[in-house]
Every structure is written in structure tokens, then in C-alpha cells.
Amino acid sequence: ASSDKQTSPKPPPSPSPLRNSKFCQSNMRILISGGAGFIGSHLVDKLMENEKNEVIVADNYFTGSKDNLKKWIGHPRFELIRHDVTEPLLIEVDQIYHLACPASPIFYKYNPVKTIKTNVIGTLNMLGLAKRVGARILLTSTSEVYGDPLIHPQPESYWGNVNPIGVRSCYDEGKRVAETLMFDYHRQHGIGQLQFLKALTLTFLPVISSRFSRFLYVLVFCFVFIEIRIARIFNTYGPRMNIDDGRVVSNFIAQALRGEALTVQKPGTQTRSFCYVSDMVDGLMRLMEGDDTGPINIGNPGEFTMVELAETVKELINPSIEIKMVENTPDDPRQRKPDITKAKEVLGWEPKVKLREGLPLMEEDFRLRLGVHKN
Ligand code: NAD
Ligand code: UDP
Ligand code: UDP
């Protein structure tokens, strides 16, 4: 279902293409697709801190939940829409954070055709919406676009090593197409077109009679354009991750709290770099507010093997549990670590929370949800 209903008793003025410009930075209406999920709900919390923001979440609750947003339901500046992004959405917004897509391998492999439709048709619809209203749109792409990388760490310039027919390809190839769509809309309907429109405006200005119509001509054609931002997110963890969503950090913490053995998938020497969710949200917001289209890697360069991660979780949460080796799934990338030089230079961003600081914060949340008290 699509909706353009207002729940706010005093709706802010209708969005103007000028809002995205440097002339006017107030009263933003921001759409977050996938905002009921893990990263999306933390982003909602942060954006709602600014009283000038009105936040709209569109989510089909496949992996997300209303529970993640319960503190905002009923708030005059917040609106939640049950919506599947593979269907068109007609609303008026200034910015779009497009997150909708399951992120855990278990869930994105569960219905791979739906995953690729979400990535391709979902992103197309969000771009169509952004184009119609002249909004700025940020795509949360992924480090999976690098596949099983042959360059380490991975800079944005690396084109990747992806199996196009593998079981992960609905997700990684899906995100690669989503990035392609973003850049094609940018080239076709983006700020580059502005130069062309300016030239056109200057050519025809002399034949437009009234000053007012000239003003409108310049205003409309010079400011309605799509602006894109692409973040390549590396493994992110923190409170509100689905307890049983199958990703490694949530699995290990849940297993440690339940007193079960930690399941390290073979060979255990494969690496990942884990970013705490507050750092991620900060990076995404800086990218949205900055001038660079990206793609920009957002992730924590601290790199760990899965055995090292298991040992750290064991030491911090439950030293008495075992670590057992189990079978892996196909096409598991052997190494992953972001090169964040660009994020540092362009966004002035780098992660602050170390793995040993972030894990206890997540443990606290999991303890509450699992009802396991600290001795
Ligand atoms: P998540 O699964 O918790 O959140 C995804 C949200 O999208 C959920 O609320 C889900 O219900 C919603 N959704 C899925 N399909 C939809 C559809 N067709 N229409 C509308 N809503 C839909 O995942 P997350 O960890 O919060 O990830 C958010 C985004 O970040 C995703 O795009 C993911 O690909 C990207 N990302 C995440 C990570 C990570 O480590 N968490 C890493 C790389 C990229
Ligand atoms: N779209 C949408 N909301 C809008 C505008 C467009 O969901 O406000 C969808 C539209 O249904 C289409 C897609 O976005 O499927 C791409 O739209 P665009 O206008 O770029 O392409 P076209 O409709 O011309 O194929
Ligand atoms: N993994 C593991 N035990 C688990 C779940 C995952 O050892 O219970 C490994 C998995 O093989 C992979 C890494 O952890 O090498 C990260 O997997 P995850 O599903 O969290 O994310 P992604 O593969 O998308 O990076």
C-alpha cells in the first residue's frame, strides 16, 4: 500500500526542491525504506533527535519489526507505512535513505527471487520517487559488491570478484545492479543535467515574456534534479539485531548467553571487520549531508578471523562455553576489510567504537530480550 496521509496535527510545509539546497536546511521530510530493521531503526532514532525532521518509514516487516520503532509510534513527526518497495510509492519527501532489503544471508537466501526484486525493482521505485520530487537518495549498498575480494583491504575503486550465479548473488549482484541504477539515474536525471538545463534556460530566456514566468522557469528547472549517495556498508552489529537472524555476531552472543557452543564455520580463518551501529549511522548521515555521491566504504577496519571473534565473545560473555567448528555455506568470502581513506577525507568520518567496547553493549540488549541475567 502506498500512502501520503499526514498523521501530524500540524504538518510541516510541503517539501520544496529548494530544501536540499544550501539555501534552506530546515523542515526536512525524510523517508527511510527498511526503517523498521536493525540499522534503519537506529537511523530513525538519530534523525528524530532533530526537531526539524519529519520521518516516514516504509517497511514490509520481512526482517524488521514495529517493536524497533515503538517509542516513535504516535509521535507527530513520525509516520510508519506498511509498504513493499517492489510496489510504487507516492509521497512527498526531501530525502530518502533506501535501506529496504534483508541483510542476513539466511533471510536473503530464503526467497532469492524476492531479494533480487527488492534490490532491483525496489531501488528503481525509490529512484522514480526521488526523481519525481527532486529528493536526495542514499542507497545502503554493501561490501558484498566486492565478492570474495582479490584486493585487501578493499578500496572503492576495486570492481570486485563476484559469482553471478551463486547462492549469494541475489544479494550481491542485486546490490551491484542497484548501484548501477543509482548512477544511471544520476547521469540521466542528476545534477549534471543542470548544466544542460542552464544552457537551455539561457537560450530561451529572451523569448519568455513575464518576469514571473522567467523566475519559475529558472527555479523549477534548476532545482528539480536527483542527487544520489551510495554507502558500501561493511558488517555492522549492535543492539536490536534479530536474535536468530544467523549473522555471526548475533549468533555468537545468543549462543554464549544460552550456554551453547559457539558455531565457527570452517575454516574459521575467514575474516570480517565489524562496525558498531552508532558509528554506521553517523557515517550514513554525514554521507547524506555531504557533497560526494560515493560510493564510499563505511565500516570499521579492525579485522578479525571468526575464531578470534569467537574467542573474544567467549572471554567477554561466557568463558565456560565451547567453540565448535561447523560446515560453511558456499561462496563465503575469505577476507573483508574496508579501506576507509575516502570516508576519512571526504566525510571526516572514522569509527569510534572498538569491538571490545561494542560487544558488551550488544550483550546487554540481548540479555534483556533473552531474559538472561548477569550473575
Ligand atoms: P535488516 O534486515 O534488519 O533491515 C532491513 C529492513 O528492510 C527490514 O526492516 C525489512 O523488513 C525491510 N525490507 C526488506 N525487504 C523489503 C521490501 N521489499 N519492502 C520494504 N521493506 C523491506 O537489515 P539491516 O542490517 O538493518 O540492513 C539495512 C541495509 O543495510 C540493507 O540494505 C542491507 O543490505 C545494508 N547492509 C547491512 C549490513 C549489515 O551488516 N547489517 C552490511 C551491508 C549492507
Ligand atoms: N515511482 C514511484 N513513485 C513515484 C514515482 C515513480 O514509486 O513517485 C516508480 C514508478 O512506478 C516506476 C519507477 O518508480 O516504476 C521508475 O519511475 P520513472 O519515472 O523513473 O520511470 P518510468 O515510470 O518512466 O518507467
Ligand atoms: N559465521 C560463523 N558462524 C555463524 C555464522 C557465521 O562462523 O554462526 C561466519 C560466516 O561463515 C562468515 C562470517 O561469519 O564467514 C560472517 O557471516 P555473516 O553471515 O555474519 O555475514 P556475511 O557473510 O554477510 O559477511
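Predicted model: local features only at pLDDT ≥ 70, side-chain atom pairs only at ≥ 80, totals over all residues.
Let's start with helix H11, where the exposed residues Glu357, Pro360, Glu364 and Leu368 sit on the face turned away from the helix's buried side. Residues are numbered from 1 along each chain as its sequence is written, while chains are lettered from A and ligands numbered from 1 in the order in which they are written. The helices (H or I, at least four residues) and strands (E, at least two) are DSSP runs, numbered from the N terminus.

**Helix H11**

- H11 covers residues 355–370, and its 16 residues should span 22 Å at 1.5 Å a residue, which agrees with end C-alpha atoms that are 22 Å apart. The expected span is 1.5 Å times one less than the number of residues.
- On the buried side you'll find Leu355, Gly358, Leu359, Met362, Glu363 and Phe366. Looking down the axis of H11, these buried residues fall within an arc of 145 degrees, so they line one face of the helix. That arc is taken from the directions from the helix axis to the C-beta atoms.
- Why does a pattern like this show up? An α-helix has 3.6 residues a turn, so residues three or four places apart point the same way.
- The cover over the buried residues of H11 includes strand E7 (236–237), helix H7 (248–258) and helix H9 (306–317).
- Leucine 361 touches Gly238 and Pro239, leaving aside residues up to four places away in sequence. Contact means that the C-beta atoms, placed from the backbone, lie within 7 Å. Leucine 361 and glycine 238 are 123 residues apart in sequence, but their C-alpha atoms are 7.2 Å apart in space.
- After H11 comes glycine 371, with a positive phi near 70 degrees.

- Is strand E6 (residues 227–233) enclosed or open? Seven of its seven residues are buried, so E6 is largely enclosed by the rest of the structure.
- Both faces of E6 are covered, with Glu227, Arg229, Ala231 and Ile233 buried on one side and Ile228, Ile230 and Arg232 buried on the other.
- E6 pairs with E5 in the parallel sense over seven bridges, and leucine 139 stands opposite isoleucine 230 in E6. Strands pair if DSSP finds at least two bridges between them.
- E6 also pairs in the parallel sense with strand E11 (residues 296–298), over three bridges. There, arginine 232 has asparagine 297 of E11 as its bridge partner.

**Around the ligands**

- Ligand 1 has 28 residues around it, and Gly34, Gly37, Thr63, Gly64 and Ala103 come nearest. A residue is near a molecule if its C-beta atom, placed from the backbone, lies within 6 Å of it.
- Helix H1 (38–48), helix H3 (112–133) and strand E5 (136–142) each give at least two residues to the ligand 1 shell, and H1 has the largest share, with three residues.
- By class, the ligand 1 shell holds 12 nonpolar, 14 polar and two charged residues. Ala, Val, Leu, Ile, Met, Phe, Trp, Tyr, Cys and Pro count as nonpolar, Asp, Glu, Lys and Arg as charged, and the others, Gly among them, as polar.
- Which residues come nearest to ligand 3? Of the 13 around it, they are Arg247, Val248, Asn251, Gln265 and Met306.
- For ligand 3, strand E8 (262–265) and H7 each supply at least two residues of the shell, with the largest share, three residues, coming from E8.
- The ligand 3 shell splits into four nonpolar, six polar and three charged residues.

- Most residues other than glycine have a negative phi, and most peptide bonds are trans.
- The bond from histidine 152 to proline 153 is cis, with omega near -10 degrees, and proline 153 lies in the loop between E5 and helix H4 (169–189).
- Another cis bond runs from glycine 294 to proline 295, with omega near 5 degrees; proline 295 is in the loop between helix H8 (277–289) and E11.
- Arginine 240 has a positive phi, near 80 degrees, and lies in the loop between E7 and H7. Arginine 240 counts as buried, with 22 C-beta neighbours inside 10 Å.
- Aspartate 331 has a positive phi of about 65 degrees and is partly exposed, with 16 other C-beta atoms within 10 Å.

Methods
Buried ≥ 20, exposed ≤ 12 C-beta atoms within 10 Å, placed from the backbone. Contact = placed C-beta atoms within 7 Å.
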